[in-house]
Amino acid sequence: GGIEWGKRAIALAEALGESDTRTHALNNVGTALLFSGRTGGRQLLEESLSIALAHGFHEHAARAYTNLAEYAVVFKDFALAERMLAEGIAFDTRHDLDAWTHYLVGRQAQLRMEQGRLREAETIADGVLGLERLTLVMRLPALTVLGRTRVRLGAEGGASLLQRALKEALATGEPQRIAPVRFALTEAAWLAEDHEAAREQLELLQ
C-alpha cells in the first residue's frame, strides 16, 4: 500500500514541480522496496537524498541518510553502512539535527555489534543513553544494542536493559521497533539456555 500511494505522490509531485513532496515520496517508496526485498529501492532513496541536498531540505536529507544507513546495517552491507553513517552523522551535526544525529549514532553502535566489535558497540551505545532529552524512538536503537552487547559479553544488566527496551518498543505500537527487541530477548534466552523463554518470544513474533 505504501508503495502504491507513494508512486501516485511521486507522479503528482513531478507534474506539479513539487520537489519537497517528491523527495518525501521517493524516500517512502524506496524504503518500502528495500525492506521488502524488492529491487529499485536504493536508487529511489539515493534520488531522494540527492534532491534533498540540492534544495536544502535538511529534514528530508536526514531521513534519507537514516533509512539508507538502517537498511545497510540490518542487511549487513557494511561498506554502505559505514559511508551512510559517516555522511549522515556529519550532515546532521552540521545542521544541528540533534535527534537524527543520536539515532544514527545508535545505529553506528548496532553496526559495531554486527561486526563483532562488542566493546566499541557498548561504549557508543552507552554514550548515547547518557545524553539528555532523547525521544523514545531516538534512544531505542542504542538501548537495544547496549542490552544485546552486555548479554553477549556476559556482563550484568543486559537482560534488564532488553526488558526496558521491550517496554519502550511496545509503547510505540510499531512492529519495526518491537521485533528487533524480541529477537534480542530470544537470543538472550537461548544463551541462558532458557528454551521456554526463547520459544515464547518467537511465538510472540508471529
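In the predicted model, the largest pocket is lined by 21 residues, and those nearest its centre are Val74, Arg107, Gln110, Gln176 and Pro180. The volume of this pocket is about 470 Å³. Four helices, H4, H6 (98-114), H8 (136-153) and H10 (175-191), each supply at least two residues of its lining. The most is given by H10, with seven residues. By residue type, the lining of the largest pocket consists of twelve nonpolar, three polar and six charged residues.

Helix H4, one of the helices that line the pocket, has 17 residues and reaches 24 Å from its first C-alpha to its last, close to the 24 Å expected at 1.5 Å a residue. Of these 17 residues, 13 are buried, so H4 is largely enclosed by the rest of the structure. Just after H4, Lys76 takes a positive phi of about 60°, a positive value in a residue other than glycine. Lys76 belongs to the loop between H4 and helix H5 (78-94). With a relative accessibility of 46%, Lys76 counts as partly exposed.

A positive phi near 60° in a residue other than glycine is also found at Arg133. This residue lies in the loop between helix H7 (118-129) and H8. The relative accessibility of Arg133 is 77%, which is over the 50% cut-off, so Arg133 counts as exposed.

Helix H1 covers residues 2-16, and its 15 residues should span 21 Å at 1.5 Å a residue; the end C-alpha atoms are 21 Å apart, in agreement with that value. The buried residues of H1 are Ile3, Gly6, Ile10 and Ala13. They cover an arc of only 85° around the axis, and therefore lie on the same side of H1. In an α-helix, residues three or four places apart point the same way because there are 3.6 residues a turn. On the face of H1 turned away from the buried side are the exposed residues Trp5, Leu12, Ala15 and Leu16. The cover over the buried residues of H1 includes H2. Just after H1, Gly17 has a positive phi of about 70°.

Asp20 is located in helix H2. At 37% relative accessibility, Asp20 counts as partly exposed. When neighbours within four places in sequence are left aside, Asp20 is in contact with Phe57 and His60. Asp20 and Arg182, by comparison, are 162 residues apart in sequence, and their C-alpha atoms are 36 Å apart in space.

Helix H3 (residues 41-55) has 15 residues, which should span 21 Å at 1.5 Å a residue; the distance between its end C-alpha atoms is 21 Å, which agrees. Gly41, Leu45, Ser48, Leu49, Ile51 and Ala52 are the buried residues of H3. Because they cover an arc of only 165° around the axis, they are on the same side of H3. The face turned away from this buried side carries the exposed residues Gln43 and Ala54. Among the elements that cover the buried residues of H3 are helix H2 (19-35) and helix H4 (58-74). Just after H3, Gly56 takes a positive phi of about 70°.

Glu46 is also found in H3. Its relative accessibility is 32%, and Glu46 therefore counts as partly exposed. Not counting residues up to four places away in sequence, Glu46 touches Leu68 and Arg83. The C-alpha atoms of Glu46 and Tyr71 are separated by 13 Å, with the two residues 25 places apart along the chain.

Definitions and conventions. Residues numbered from 1 in each chain as written. Predicted model: local features only at pLDDT ≥ 70, side-chain atom pairs only at ≥ 80, totals over all residues. Heavy atoms only, no water. Expected span 1.5 Å × (residues − 1). Buried < 20%, exposed > 50% of the residue type's maximum accessible area, 1.4 Å probe, protein only. Arc of directions from axis to C-beta. Contact = heavy atoms within 4.5 Å. 1 Å grid on protein atoms, 1.4 Å probe; cavity = no way out; pocket = protein on both sides within 12 Å on 5 of 7 lines; lining within 4 Å. Points joined across faces, edges and corners; volume = space filled by probe spheres on them. Nonpolar A, V, L, I, M, F, W, Y, C, P; charged D, E, K, R; others polar.
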